[in-house]
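Open the model in your viewer and keep the selection panel at hand. The tour moves from helix packing to the ligand, then to the loops.

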Amino acid sequence: MAKKSIGIILNGVTGRMGTNQHLVRSIVAIRNQGGIPLPGGDSLWPEPVLVGRNESKVRQLAESHGIARWSTNLEACLADPASSIYFDAQTTVQRVPAVQAAILAGKHVYCEKPSADSLAGALALAELARQQGVKHGVVQDKLFLPGIRKLKRLVDGGFFGKILSVRGEFGYWVFEGGWQPAQRPSWNYRAEDGGGIITDMVCHWRYVLDNTFGAVKRVSCLGATHIPERWDEAGKPYHCTAEDAAYACFEIDGGVVAQMNSSWAVRVHRGELLEIQVDGTEGSAVAGLRGCKTQHRANCPKPVWNPDVPNPIDFRAGWQEIPDNQEFDNAFKTQWELFLKHVELGTPFPHDLMEGARGVQLGELALASWRERRWMDVPELEA
Ligand SMILES: NC(=O)c1ccc[n+]([C@@H]2O[C@H](COP(=O)([O-])OP(=O)(O)OC[C@H]3O[C@@H](n4cnc5c(N)ncnc54)[C@H](O)[C@@H]3O)[C@@H](O)[C@H]2O)c1
C-alpha cells in the first residue's frame, strides 16, 4: 500500500471556512484517516501548503495541525510544480484574480462559493478553465448534508407523489458585535466588501433546488437590511451597506413553487439552522442539516380551524424520523474526496465552475428582482 501525494495550495485558510471546514474537517481529517483509498490499495495523500498574508498566523496554523508547508507568497506557490491543485476560500471579492492566476499557472482549481462576485467573472473563470484543460470545482456543501441527502432519497424514491411546494427557513441571530462579539466576519454586512445575504445564500439555493426538485426558472426576491449598524472585529461601529435578510420565491420547472427565507436577523425557533419542508400529493417531509422527518398522507390529521378551543392535535407527533441507513461524513470532506478523486482518477465531478456560475447568476437575478421589484426569468447558461 503506497501513499500517493497530491500537492494542494490552500489559500484563505486562516478564515472561518478555510480553517474549520476545509483545513481541519476536510484535509487534516483525510490525513488522519490515512488518505483516500484508491483502487488497487494505494491511498491518495493530500499534501497542503497553507497560504496567507499574515506570516505568524499562517505558520501557527500550519504548526498546530502538523502541516510542514506554509507561505505568504502565493505567486511562488503557483510557480511550484509540487502542488497541482489551487483551493480558494478567501473573501469573495478576491476570488476571480486568484483563481485566474492559478488556472494560468496550470493548476486544477477548487473554490468556495460564490465562485465570483459577478456572473461575468464566474463565466470567465469557467471558460478559462475549459480553455486551459484544468479540472475545476466549486463547493456545493449543502448537497452532501445528511438531511438534504435523505430528502433527495425521498424524491428519487417517489415518496412525495407530485411535488407541490418547497419552503425553506435558513438563518439565526448574528450578534451585532456591540455587546457580544459577532459570530460572522463584518465584511458580510458591507456591500463594498462583497457582503450581503443574497449573494451569500442564493447560490446555495440554486444548486439545492436544481439538483433536488428541478431547474429554477424564475425568481422574485425582497431583501432587507434589518440591522443598520454593527460593530466590526476591532469593536468599531460601522454602517451596514448590505442586506441581512432575503425573502425569495422561485418557480421550478414542472410547476413546483419554492420559497426560501434567509436571515441573519432571526432568532431560531426550529429544530435546525436550516429546515426545508416539502409537500407533495402523497406525503410531506421536513429536512434539516442532519435529520429528515416525513408524514405520509395516510398519517395526516384533519385539522379544523377553531381558535375558541385549545388545539387538540399534537402536529409534531404525527411525523416520523427517517433512518440514516448509511454513514454520513462531513459534507465538505465528502466533496473534497470526490474532487481529489476527480483530479487523480478522472471520476465524475459535476460541481464545476459552470455550476458555480449558475449560482452566481441566480444571486444576481435575485438582487435585480429586489432592485426592480419584479420577477426575473433565469436564462439558460451556455456551457
Ligand atoms: N460553503 C459555505 O457554506 C460557506 C459559508 C460561509 C462562507 N463561505 C464562503 O467562504 C469564503 C470565506 O468566508 P469566511 O466566512 O471564511 O470569511 P473570513 O473573513 O473568515 O475569511 C476570509 C479569508 O480571506 C482572507 N482575506 C481577506 N481579505 C483578503 C485580501 N484582501 N487578500 C487576501 N486574502 C484576504 C482572510 O485572511 C481569510 O483567510 C467567502 O467567499 C464565503 O462566501 C462559504
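Select α1 and α8: these two helices make a right-handed crossing (right-handed if the near helix is turned clockwise from the far one by less than a right angle, left-handed if anticlockwise). Helix α8 covers residues 331-345, and its axis comes within 9 Å of that of α1, crossing at roughly 60°. Therefore α1 is oblique to α8. Angles under 35 degrees count as roughly parallel, over 145 as roughly antiparallel, 65 to 115 as roughly perpendicular, and the rest as oblique. Axes are lines fitted to C-alpha atoms, for helices over the stretch in contact, with angles from 0 to 180 degrees between N-to-C directions. Helices (H or I, at least four residues) and strands (E, at least two) are DSSP runs, numbered from the N terminus.

This is a predicted model: local features need pLDDT of at least 70, side-chain atom pairs count only at pLDDT 80 or more, and totals for chains, interfaces and linings use all residues. Residues are numbered from 1 along each chain as its sequence is written, and side-chain values use heavy atoms, without hydrogens and water.

Next, pick α7 and α9 (residues 353-372). Their axes come within 8 Å and cross at roughly 120°. So α7 is oblique to α9. This crossing, too, is right-handed.

Now select the ligand. How many residues surround the ligand? The shell holds 23, and the closest are Thr-14, Arg-16, Met-17, Thr-92 and Arg-95 (a residue is near if one of its heavy atoms lies within 4 Å). Both α1 (16-32) and α7 (197-212) supply at least two shell residues each.

Show the polar contacts (pairs of N or O atoms within 3.5 Å). A side-chain N or O atom of Asp-141 sits 2.9 Å from a ligand nitrogen. For Gln-94, a polar side-chain atom is 3.0 Å from a nitrogen of the ligand. Gly-15 uses a polar backbone atom, 3.0 Å from a ligand oxygen. The protein covers 83% of the 850 Å² of accessible area that the ligand has on its own (Shrake-Rupley method, 1.4 Å probe).

Finish in the loops. Go to Pro-114, between β6 (108-111) and α5 (119-132). A cis peptide bond joins Lys-113 to Pro-114, with omega about -20°. Then jump to Asn-325, in the loop between β17 (320-321) and α8. Asn-325 is not a glycine, yet its phi is positive, about 60°.

Methods. Polar contact = N/O pair within 3.5 Å; in protein donor to acceptor, adjacent residues only side chain to side chain.
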